[in-house]
Amino acid sequence: MKYKKLKGDDVSKATFHAKGKKREQEAQEIENLYSKYDKVDPSEIESFADIPLSGRTQKGLTENNYTVPTIIQKESIILALRGKDVLGAAKTGSGKTLAFLIPVLEVLFRQKWSSLDGVGALIITPTRELALQIYETLVKVGKYHEFSAGLIIGGKDLKFERNRMHQMNIVICTPGRLLQHMDENPLFNCVNMQVLVLDEADRCLDLGFEKAMNSIVENLPSQRQTLLFSATQTKKVSDLARLSLTDPEYVAVHEHEKYKTPDGLTQSFIVCETHEKMPIIWSFIKAHSRQKIMIFFSTCNQVKYFHEVFKKLRPRNPVMALQGKMHQLKRMEIYHTFCRKEYAVLLATDIAARGLDFPSVDWVVQGDCPEDVDAYVHRVGRTARYTRTGESLLLVNQKESAIIEKLEASKIPISEIKVNPLQIISPQAKLELFVAKSNELKASAQRAFVSYFKSIFLMRDKTIFDVKSVDSYNFARSLGLIAAPRVRFIQRMEKKGSQKQNSDDNDQEEEDVLQTIEIGNVQKEDRDFIFNDGDSDDSESEMFAIKRKDHELEKVMGDVLELEDDEISEETKSKSKPVLTKAKLAKKILKKNLLPNKKIVFTDDGKEIVSQTKQKVTEAGQDFEASLGPAINLEEAKKTLEQEDVHDRKLYSELGRQKKRERKLRQKGKRKRDEDQEKDSSDEDSQSEPDLSWLPDPDDVYDNPDESGSEEEGVSKVQNLSPENSFSSKKSNKPVAKKRKIPKSNIRTKAGDEIDLPLEETEDLALKLISLKN
Ligand SMILES: Nc1ncnc2c1ncn2[C@@H]1O[C@H](COP(=O)(O)OP(=O)(O)OP(=O)(O)O)[C@@H](O)[C@H]1O
């Protein structure tokens, strides 16, 4: 069979017909799909082929080896395809992502969505890494669809996103950034939006995102389908009301199972002192060198410090860190690197606790106690995903061990393991050395210490968390510090508390700050007192301010501490972090009652040197200086300066006059010297050769007849005594006109040799002789 090569118009016609035919086929396919939805029974689904999905989606699934749907996928996909609002709850790692991505693709496909229709689906997640992960899955599964998808997360170029936003059909985003586009981007339009998805819905709807989510929902069309998914799904009526769900279907596929956590997960805990956690974690890393491990801490500063020191301690596994204060590009890089690594240790805050699907994680260690049962479930859910197995280890101090009961009550099987002290390797001595060597590391350790206390303080559940339960000195030592850093907010708290109670007790209380405060019973005004004080320059304070903005403090949780809401944090960072202006700095100094430094210079015998130009000399000025405190009365200072100015002007004009006088004197002296010189030279010109006849005959003096010469000879010798011809080729700076006429020295040694004197000496000698003669 021969093919005719098509050109120009033929090509476009053929394409048009082919497209037309394809469209017809797809329209038929869509008709068939609609008719099948009601007939499918989820319990009978054995493979994705049993679900009425478009050929494009089926192809994408098969290509990525998704053949058998998980329970949550079977149950929820069909409901979503029927157009229902779905509240999906299933264990971690059970495939919830596909459970909402497949309906999104299908809904838009059925509606023949094109780039001209704008945004058709919005998928909102609490963290950037999770958004990226969903985007990557969508790109793989939706490969054969023609929709465009976009990732709208903070930390990226807003302009770049803005120009492409109107072309996107499926937008995957974090709440803060989406709101930013809604507010600022005229090209962003979601009036046609069909599906709204909230992954980690309970987190998206909690107080940390409350304002952002409320504003987003206000901007969305009320006629839409809403899908909410999480391993710890919200059942709060208030949450559902905010989203105006219509008759939602609650799909909790594992609700009646024995355990809340994945079957392949083995969970254990160790009860130890807070200061023992560091040695235990380090020993754990050393003992599990051929494993992929995630270790969670409550604050960014702890992650940062532990990362710095573990790297220095050089374990066999590479150590990485992932926390909310890192640059976005770095975060993405770490995320991808840890995905690829076979063996590695990832130290992370709770930004990595939800939804992230790192392949083959063997261990999840919780270095700090999670804020509640839900946080625990998400953290341990980073291992034992889908059909894999994994292990988890929780470290708690005596007080925090109260969480174990709660975990067990929530159907979480967990057993205690005892540590063999002989197997624990403490890195404390090395840490002390590192910290002693580096001020930066020391500061990092101090920040880790303080932020840990703050996180404990802010935890809602006071039956589990109590700053008093932490041995601050030993905890600081375990971090390599030689003393416990000051935790200022606790001190302020204590101070205020003691003022209220009994001012006489102040001294005693200040000595033992941590023992005296009633953290568990913090009153609202006390919290304001602690956190609203602009005096604090602690980097962590901004973090807490952000949380306070959207949370009631009673509801502040550990993962909230970690700035999961990247955009909200970015947006509010600038507002929450007070800018230290000069005026504020001045006020701060004023508050501390510090006097400005003054430099006094003394003479050797201890007398003060008073510089007229630098010190106040007028009476008013001296009075002003004497009365100077940390505060400056500007009016008074101005008046004093005016008086000092008058004095200074006088002083400088006097100095000017004096200089002028000196200059005149110098000029006068010079003129006189010049005149004298002129006079001298004219006198000399008029004089004849010097008469040296009076000099004794050297032959007589030295008794050397051979060397004797006539008087004329002697004269001629003197005449030869020019600088050019005599002792030195160097020309003297002294006026030589006069000296050329100096008779040559006829001084000789006893042996009759001429004395080889330097020119100057000879000249001086000659001059002396002349003057003697005169
Ligand atoms: N039908 C399937 N067949 C094979 N693998 C699947 C299937 N569904 C999901 N998976 C895989 O299971 C893993 C976990 O899926 P997913 O991330 O969607 O879980 P999740 O329920 O969203 O977890 P989390 O609650 O932690 O967010 C992923 O690696 C995914 O590729």
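In this predicted model, helix α12 (residues 300–313) and helix α17 (residues 439–458) have axes that come within 8 Å and cross at roughly 140°. Axes here are lines fitted to C-alpha atoms, for helices over the stretch in contact, and angles run from 0 to 180 degrees between N-to-C directions; helices (H or I, at least four residues) and strands (E, at least two) are DSSP runs, numbered from the N terminus. The crossing of α12 and α17 is left-handed, a term for a near helix turned anticlockwise from the far one by less than a right angle, clockwise being right-handed. On the α12 side, the contact involves Asn301, Gln302, Lys304, Tyr305 and Glu308, and α17 contributes Leu441, Ser444, Ala445, Arg447, Ala448, Ser451 and Tyr452; two residues are in contact if their C-beta atoms, placed from the backbone, lie within 7 Å. This contact comprises five nonpolar, four polar and three charged residues (Ala, Val, Leu, Ile, Met, Phe, Trp, Tyr, Cys and Pro count as nonpolar, Asp, Glu, Lys and Arg as charged, and the others, Gly among them, as polar).

As a predicted model, it is held to pLDDT of at least 70 for local features and 80 or more for side-chain atom pairs, while totals for chains, interfaces and linings use all residues. Residues are numbered from 1 along each chain as its sequence is written.

Two further helix pairs are worth a look. Helix α7 (residues 175–184) packs against helix α9 (residues 210–218) at about 45°, with 9 Å between the axes. That angle makes α7 oblique to α9 (under 35 degrees counts as roughly parallel, over 145 as roughly antiparallel, 65 to 115 as roughly perpendicular and the rest as oblique). Their crossing is left-handed. Pro175, Gly176, Leu178, Leu179 and Met182 of α7 meet Ala212, Met213, Ser215 and Ile216 of α9, giving seven nonpolar, two polar and no charged residues.

Helix α5 (residues 128–141) and helix α13 (residues 328–340) pack at about 55°, their axes 10 Å apart, which makes α5 oblique to α13. Here the crossing is right-handed. Arg128, Glu129 and Leu132 of α5 make the contact with Gln328, Arg331, Met332 and Tyr335 of α13, and by class there are three nonpolar, one polar and three charged residues.

Turning to the ligand, 19 residues surround it, the closest being Gly95, Lys96, Thr97, Gly355 and Tyr386; a residue is near a molecule if its C-beta atom, placed from the backbone, lies within 6 Å of it. Helix α4 (residues 96–110) supplies the largest share of this shell, three residues. By class, the shell has seven nonpolar, nine polar and three charged residues.
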